[in-house]
Amino acid sequence: MSKGTISVSVIKRLPRYYRFLGELEKQRVERISSGKLAALMKLTASQIRQDLNCFGGFGQQGYGYNVAELRAEIGKILGVDKGYPTIMIGAGNLGKAIASHINFESRGCKLIGIFDINPKLTGETVADIPIRHTDDIEAFCGEHKPVIAVLCIPKEATRQIAERLVELGIKAFWNYSHYDLTIEHSDIVVENVHLGDSLLTLTYNVNAL
Ligand code: NAI
């Protein structure tokens, strides 16, 4: 099944399926019915069946889903085995936390370089990766050809850095800066992340209690 034939809303749910199926695999569960998976994930069985029908062949009447096969298929669609070379810009509190705590490799990325404009940080290491000065970005990208950039820099710096990185061949941004990056190229993808938005969703739900 190619990506183009799966709806965006199903794709948005895939990481969650992948995570839950991973937990089931760890517990050595070989197969699971749509009803049980739905109860675990707080979805409906029909939603699960509709979503997972996109991957054809894994759900069988009276058998359920083969956990390992379904997880492998979803992983393939998500690209977890790609190891896209990834760089990070901004090695402050947030950048350091993300570099140290996110397992890039299990999510299809390999963090290969970290850059910061502050010369005092040059030479420090985070997650065994030396922090380089932003002056070295061009040479590094020329040599290592990163595809993804994680942006952990202030809002004001984001647009300029993003444009510079697009020129250097970056195709995707995982953008934590508080600047909603939109890039007018059809071959560039952006995922803007705002942890505060998630908290606001929570406060909305608390209000509704
Ligand atoms: P910080 O001040 O600890 O680190 C920012 C780092 O970016 C510094 O090391 C600074 O030298 C570097 N920097 C500034 N301009 C740069 C440039 N042009 N090129 C390369 N490096 C540059 O700040 P912190 O806490 O790490 O936060 C980083 C940004 O992320 C802030 O703007 C903050 O508002 C935002 N943020 C976003 C969150 C989200 O959920 N999206 C959550 C927390 C922070």
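**View 1. Residues around the ligand in the predicted model.** Of the 21 residues around the ligand, those that come nearest are Leu94, Asp116, Tyr176, Val193 and Leu195. A residue is near a molecule if one of its heavy atoms lies within 4 Å of it. By class, this shell has 13 nonpolar, 7 polar and 1 charged residues. Here Ala, Val, Leu, Ile, Met, Phe, Trp, Tyr, Cys and Pro count as nonpolar, Asp, Glu, Lys and Arg as charged, and the others, Gly among them, as polar. Helices α5 (93-101) and α7 (155-167) each supply at least two residues of the shell. This is a predicted model, in which local features need pLDDT of at least 70 and side-chain atom pairs count only at pLDDT 80 or more, while totals for chains, interfaces and linings use all residues. Residues are numbered from 1 along each chain as its sequence is written, and side-chain values use heavy atoms, with hydrogens and water left out.

View 2. An oxygen atom of the ligand is 2.6 Å from an N or O atom in the side chain of Asp116. With the backbone, a nitrogen atom of the ligand is 3.3 Å from a polar atom of Ile117, and a nitrogen atom of the ligand is 2.6 Å from a polar backbone atom of Val193. On its own the ligand has 860 Å² of accessible area, of which the protein covers 73%. Accessible areas come from the Shrake-Rupley method with a 1.4 Å probe; for residues, only the protein chains shown count as cover.

**View 3. The largest nonpolar core.** This core has 21 residues, and Tyr17, Leu21, Leu37, Ile48, Leu52 and Ile74 touch the most other members. Helices α1 (8-26), α2 (34-41), α3 (45-53) and α4 (67-78) each supply at least two of its residues. The most comes from α1, with 7 residues. A nonpolar core is a set of buried Ala, Val, Leu, Ile, Met, Phe, Trp, Tyr and Cys residues joined through side-chain atoms within 4.5 Å. Buried means under 20% relative accessible area, exposed over 50%, and partly exposed in between (1.4 Å probe, protein chains only).

**View 4. Cys109 and Cys152.** The structure holds 0 disulfides, a disulfide being a pair of cysteine sulfur atoms within 2.5 Å. The cysteine sulfur closest to that of Cys109 is in Cys152, 13 Å away, too far for a bond. Cys109 is buried, with a relative accessible area of 14%, and Cys152 also counts as buried, at 12% relative accessibility.

**View 5. Thr86 in strand β4.** Thr86 lies in β4, residues 84-89. Helices (H or I, at least four residues) and strands (E, at least two) are DSSP runs, numbered from the N terminus. Thr86 is buried, with a relative accessible area of 1%. A polar atom of its side chain lies 2.9 Å from the backbone oxygen of Tyr84.

**View 6. The loop between β6 and β7.** Ala127 is found between β6 (125-126) and β7 (129-133), and Asp128 is in the loop between β6 and β7. Phi of Ala127 is near 50°, a positive value in a residue other than glycine. For Asp128, phi is near 65°, a positive value in a residue other than glycine. Ala127 is partly exposed, with a relative accessible area of 42%, whereas Asp128 is exposed, at 76%.

Notes
Polar contact = N/O pair within 3.5 Å; in protein donor to acceptor, adjacent residues only side chain to side chain.
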